[in-house]
Amino acid sequence: MKKMISIFIVFILALSITACAEKNTESNSSTAEEGKYSEITEAVDDDLQKTDNSNVLVVYFSNTGTTEQIAKLIGEILDADMHQIIAKAPYTDEDRDYTNNSSRCNREQADETARPEIDGNVENLEQYDTIFLGYPIWHGQAPRIISTFIESYDFSDKIIIPFCTSHSSGIGSSADNLHELVQGATWKEGERFSVDSDKQEVQKWIDRLGISFHVTEEAVGVFDMENKKVKLNSGYDMPIVGLGTYALSDEECYNSVRALLENGGRLIDTAYMYHNEAAVGRAVRDSGVPREEIFVTTKIYPSQFGNPKAAIDLALETLDIEYIDLMLLHHPGKGDVDAYKTMEQYVADGKIKSIGLSNWYIKELENFLPQVSITPAVVQNEIHPYYQETDVIPYIQNLGIVVESWFPLGGRGYTKELLINETIMKIAENHNVSAAQVILRWDLQNGVIVMPGSSNPKHIKENLDVFDFELSEDEMNQIRGLNRDEKHDWY
Ligand SMILES: NC(=O)c1ccc[n+]([C@@H]2O[C@H](COP(=O)([O-])OP(=O)(O)OC[C@H]3O[C@@H](n4cnc5c(N)ncnc54)[C@H](OP(=O)(O)O)[C@@H]3O)[C@@H](O)[C@H]2O)c1
Ligand SMILES: Cc1cc2nc3c(=O)[nH]c(=O)nc-3n(C[C@H](O)[C@H](O)[C@H](O)COP(=O)(O)O)c2cc1C
């Protein structure tokens with residue numbers, strides 16, 4: 001999908017998001033106006049929460065109501081249009097008697113060419129590009145009426161997402177066997193539900209699908225300080241505070257990630273170059289925290305751009321956490337466009353949820369973006385009070401891309417000077433917090449994600465605790481005044 005369109009697209013989790021209103025207190029009204037963050041303060045009018053999923057249709061066939069129940073949950077979650085497939089000759093109890101070899105259902109299922117007639121049709125199927133297709137499992141397969149349905153329309157360029165209900169069978173080959181009846185569609189892996197499946201289970205499946213749905217543009221890039229996350233243009237939510245793992249050895253890394261997760265942090269930043277992806281993966285797996293709650297970023301290095309597929313496969317294998325939430329190109333370099341395009345393919349396959357760049361500045365972005373299809377979800381650059389990137393940050397944010405800071409505390413070896421800076425210390429004293437917390441909060445109020453590096457559990461806990469105070473506009477400005485355009489690393 002073209003890059004500008006992707007800005008308008010976010011994943012369906014947005015449906016649970018209430019519209020965001022900038023906090024309007026005396027102390028921060030101008031902060032909210034000039035800064036790039038806002039808070040979800042209260043539930044707002046239902047209409048404002050509605051996403052535009054007019055491109056999504058939930059079609060289902062249901063005889064005894066079980067599939068209908070799941071279809072309705074999908075429809076509710078996505079606010080999507082619904083269509084029930086009705087048999088021209090309704091199925092009676094007798095027809096459904098699967099213990100009788102010659103019952104109607106059994107005869108139809110035994111005959112691959114059976115095409116039971118349908119009453120009614122879907123008007124304007126062309127307006128939908130994503131179709132959830134639900135059915136009960138009958139003898140391991142979709143009822144033949146589903147074949148009638150899919151042979152009645154043109155599904156070219158549409159995404160079909162099958163789901164089924166059954167007594168105990170899985171979705172098995174039922175969806176695969178439908179593929180050959182449809183030309184030009186992309187099939188997603190289907191899911192089986194039982195009569196006991198609830199909304200949460202359905203929501204989790206939808207989350208795992210990695211499909212984008214239309215929602216309002218405003219949600220993208222808005223920092224939700226209450227839930228400590230931001231909506232990316234890919235549709236996924238990203239935690240706004242986490243842990244960086246650069247320079248952490250395996251053991252340190254494992255312990256630090258465990259400490260982060262135990263203290264409620266959910267964002268972890270690693271890279272091929274840090275040689276600790278395996279430790280990150282192990283800590284994630286051992287933590288007991290559900291995978292879908294954790295957000296892991298990794299990066300591929302320019303030396304890997306020659307064979308990006310191998311690099312991505314290696315990261316997936318080393319991390320061993322099913323999928324990567326965010327993969328970045330670590331630096332610009334020879335082959336970066338091709339490497340990015342390979343990441344785009346992994347996004348389509350659901351193995352990487354979001355993709356982005358690191359150490360890309362205005363010129364690099366101007367050159368790079370026209371060459372790729374998916375707008376980066378995140379750009380990660382060096383940002384701290386002594387190196388504020390005042391021109392780069394708004395440029396990136398205006399593209400609908402979320403900015404993330406590396407070296408938020410100045411970087412290993414440089415933190416001291418920042419943490420004893422008089423201005424910062426004074427502000428910290430005002431709020432009864434540490435200098436590190438002030439810096440991290442300053443980033444957040446600028447709409448910048450932070451993942452300070454630490455191997456000290458006390459620091460890790462402290463760094464997550466930045467949501468109970470707020471810097472005034474005056475304090476924000478004081479920190480703005482500290483800028484020295486002083487880079488602490490070469491890239
Ligand atoms: N994309 C890129 O090119 C790039 C480049 C560099 C870094 N990064 C990423 O950005 C992350 C952050 O950068 P970084 O770790 O190098 O530097 P940093 O976060 O600016 O600073 C880390 C240093 O700060 C100390 N620290 C952390 N929390 C503290 C606190 N509350 N109070 C006092 N000291 C504290 C740490 O020591 P303790 O261990 O004692 O807590 C460590 O020495 C990296 O880990 C990495 O994931 C990316
Ligand atoms: C003819 C027939 C065959 C069935 N075959 C299977 C089967 O192979 N495996 C299974 O687990 N359930 C089977 N079932 C049970 C249904 O898949 C299950 O009850 C389903 O949830 C019904 O969905 P509905 O209420 O939407 O019609 C069969 C039911 C019928 C009527």
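Which helix gives the largest share of the shell around ligand 2? Helix H4 (residues 66–78) does, with three residues. This is a predicted model, in which local features need pLDDT of at least 70, side-chain atom pairs count only at pLDDT 80 or more, and totals for chains, interfaces and linings use all residues. Residues are numbered from 1 along each chain as its sequence is written, while chains are lettered from A and ligands numbered from 1 in the order in which they are written.

Stay with ligand 2. Around it are 20 residues, and Ser62, Asn63, Thr66, Thr67 and Pro136 come nearest. A residue is near a molecule if its C-beta atom, placed from the backbone, lies within 6 Å of it. The shell holds 13 polar, five nonpolar and two charged residues.

Now turn to strand E8 (residues 159–165). Six of its seven residues are buried, so E8 is largely enclosed by the rest of the structure. Buried means that 20 or more other C-beta atoms lie within 10 Å of the residue's own, with C-beta atoms placed from the backbone. Helices (H or I, at least four residues) and strands (E, at least two) are DSSP runs, numbered from the N terminus.

Which strands pair with E8? Pairing takes at least two DSSP bridges between two strands. Strand E7 (residues 130–136) runs parallel to E8 over seven bridges. There, Ile131 has Ile160 as its bridge partner. Strand E9 (residues 186–187) is also parallel to E8, joined by two bridges. Ile160 stands opposite Trp187 of E9. Strand E10 (residues 191–193) pairs with E8 in the parallel sense over three bridges, and Cys164 is partnered by Arg192.

How values were computed: Buried ≥ 20, exposed ≤ 12 C-beta atoms within 10 Å, placed from the backbone. Nonpolar A, V, L, I, M, F, W, Y, C, P; charged D, E, K, R; others polar.
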